[in-house]
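Take a look at the model first, and then read on.

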Amino acid sequence: MSDYLTFSATPSGKAEGKTHIIIVGAGIIGVCTAYYLTKHPDFSPETHHITIIESKRVAGGASGKAGGLLALWAFPQQIVPLSFKLHEELAKEYNGEDEWGYRRLTTVSLEGNIQNLLNTDDDSSSSLDDPKKDTQHEIKTSSPPPKTESSEDDDSTTTKSTSVESLDLKNPPPKKRTVTKNSIKNEHDSSSTTDLPKDLNWIRSEVIQDWSVLGGRDSTAQVHPYKFTNYILKKAMETGAVDLILGKVDEIQFSEETGSATGITYIPTKTLGKPNEQHVSLKGDQIVLTMGPWTSKILPDCPISGLRAHSITIAPHNGTVSPYAIFTELKIGRAKYVSPEMYARKDEVYVCGEGDTLVDVPETTDDVEVIKEKCDQLFHYVGKLSPNLSKGHILKRQACYLPVLDVPSSSGPLIGETNVENLYLASGHSCWGINNAPGTGKIMAELLLEGESHSADISALDPSLYFDASVLVGE
């Protein structure tokens, strides 16, 4: 937990006599919701209070382990332009360049062949080498710009594996993303060539067979998600109208008369699993679930599941590298491909890899299993692309779960009030949670305080269209 964030195990009592909004989950969506509530003209610390409840730590899941790519060609397009603009506004207001690494950058797609550089002894048993060893979970996208190849995603052949950003995790989508060569174009479009941009000098050009620009500095940017989430929460808490409680929510409370949501019960983290485990009841006027892949643990019928993604951060050998986000498709053997993604930050390079559904979403973010071999394999592959990275060293090995909406007709997220009065949902952002967090937060603030959204048309994202939350009432 950041030093400047204060938290408690029990309610402060500040909500007494005020409209009390409870936000479950201190990831980037919950934090942005709290922040934009405090900025809304109808919000006053004298009449409103917000309690955020988080089971383990702020940004403990994907919000702290994502690549942090922002793109105007993300999905869904109902909220992307709004959220991209808000990211820029926040960066200008709070010096985001220094506080959370905000900057514009170029995004490219690289196709290469590294099989001759691989040591066959090291290239035989990893699940990254053989995508058939992982259960891949497909994530649909709204197609970015027009021209697409025969398949709707990078996995145009069954032998190719898909990578996702670990956290938001990324950002051009994990599976079923239309981030193929020539599928995302703008005025920075590149002709097919192996002559890489001069400033992309940390990539070994001789292994690259083709490349294209997916987005220029006008349409792509980045943030450091963990730093962003913690900073924005700090600004929300400075108002005095936001409390942070460490506890694991185990139940939503309902009114027997009206069936509306009236509060939650939670177990303080400090007593979780101990003989003196406590259950605390907290009343609220509006309950907002921003729990990402943990949503279905509270709302069992909610069609949101988790896709695990591994990632690493690398300290380059020669310090900083030029600002690029790089999607790859690398041949590692006969009909065998991997697609690691690289995001250059100011002092490190973030690399993410395959998504899998081999392990169910655990109880808390602290229980996410990290497979060291997957992380080391990522380092192995990108090292063949970049001598600067191969001579560097791994700073972090990590994994997280992306919140995936399991609905054929929608790519998510689900934003708005459920069919249970006063119970709201903002989840299912898949790989674009970091990108869409400010927009989601602003929209949620409008819904909670005005009853409708003015900043974007989110009618197609209405949770009540996709599942029935009322089955919990009366259980």
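Across the whole structure, a search finds 10 aromatic pairs, where rings of Phe, Tyr and Trp (its six-membered ring) pair if their centres lie within 6.5 Å. This is a predicted model, in which local features need pLDDT of at least 70, side-chain atom pairs count only at pLDDT 80 or more, and totals for chains, interfaces and linings use all residues. Residues are numbered from 1 along each chain as its sequence is written, and side-chain values use heavy atoms, with hydrogens and water left out.

**Aromatic rings**

- Tryptophan 100 and phenylalanine 228 make an edge-to-face pair, 5.2 Å centre to centre with 85 degrees between the planes (edge-to-face means planes over 60 degrees apart).
- Tryptophan 100 sits in the loop between α3 (96-99) and β4 (103-104) and phenylalanine 228 in helix α4, so the pair ties together parts 128 residues apart in sequence.
- Both tryptophan 100 and phenylalanine 228 are buried (under 20% relative accessible area, 1.4 Å probe, protein chains only).
- One aromatic cluster is formed by Tyr35, Tyr36, Tyr94, Trp100, Phe228 and Tyr231.

**Helices α1 and α4**

- The axes of helix α1 (residues 28-39) and helix α4 (residues 225-237) come within 9 Å and cross at roughly 30 degrees.
- That makes α1 roughly parallel to α4 (angles under 35 degrees count as such).
- Contact (heavy atoms within 4.5 Å) involves Ile28, Val31, Cys32, Ala34, Tyr35 and Thr38 of α1, together with Phe228, Thr229, Ile232, Leu233, Lys235 and Ala236 of α4.

Key:
Axes are lines fitted to C-alpha atoms, for helices over the stretch in contact, and angles run from 0 to 180 degrees between N-to-C directions. Helices (H or I, at least four residues) and strands (E, at least two) are DSSP runs, numbered from the N terminus. Angles under 35 degrees count as roughly parallel, over 145 as roughly antiparallel, 65 to 115 as roughly perpendicular and the rest as oblique. Rings of Phe, Tyr and Trp (its six-membered ring) pair if their centres lie within 6.5 Å; planes under 30 degrees apart count as stacked, over 60 as edge-to-face and the rest as tilted. Buried means under 20% relative accessible area, exposed over 50%, partly exposed in between (1.4 Å probe, protein chains only).
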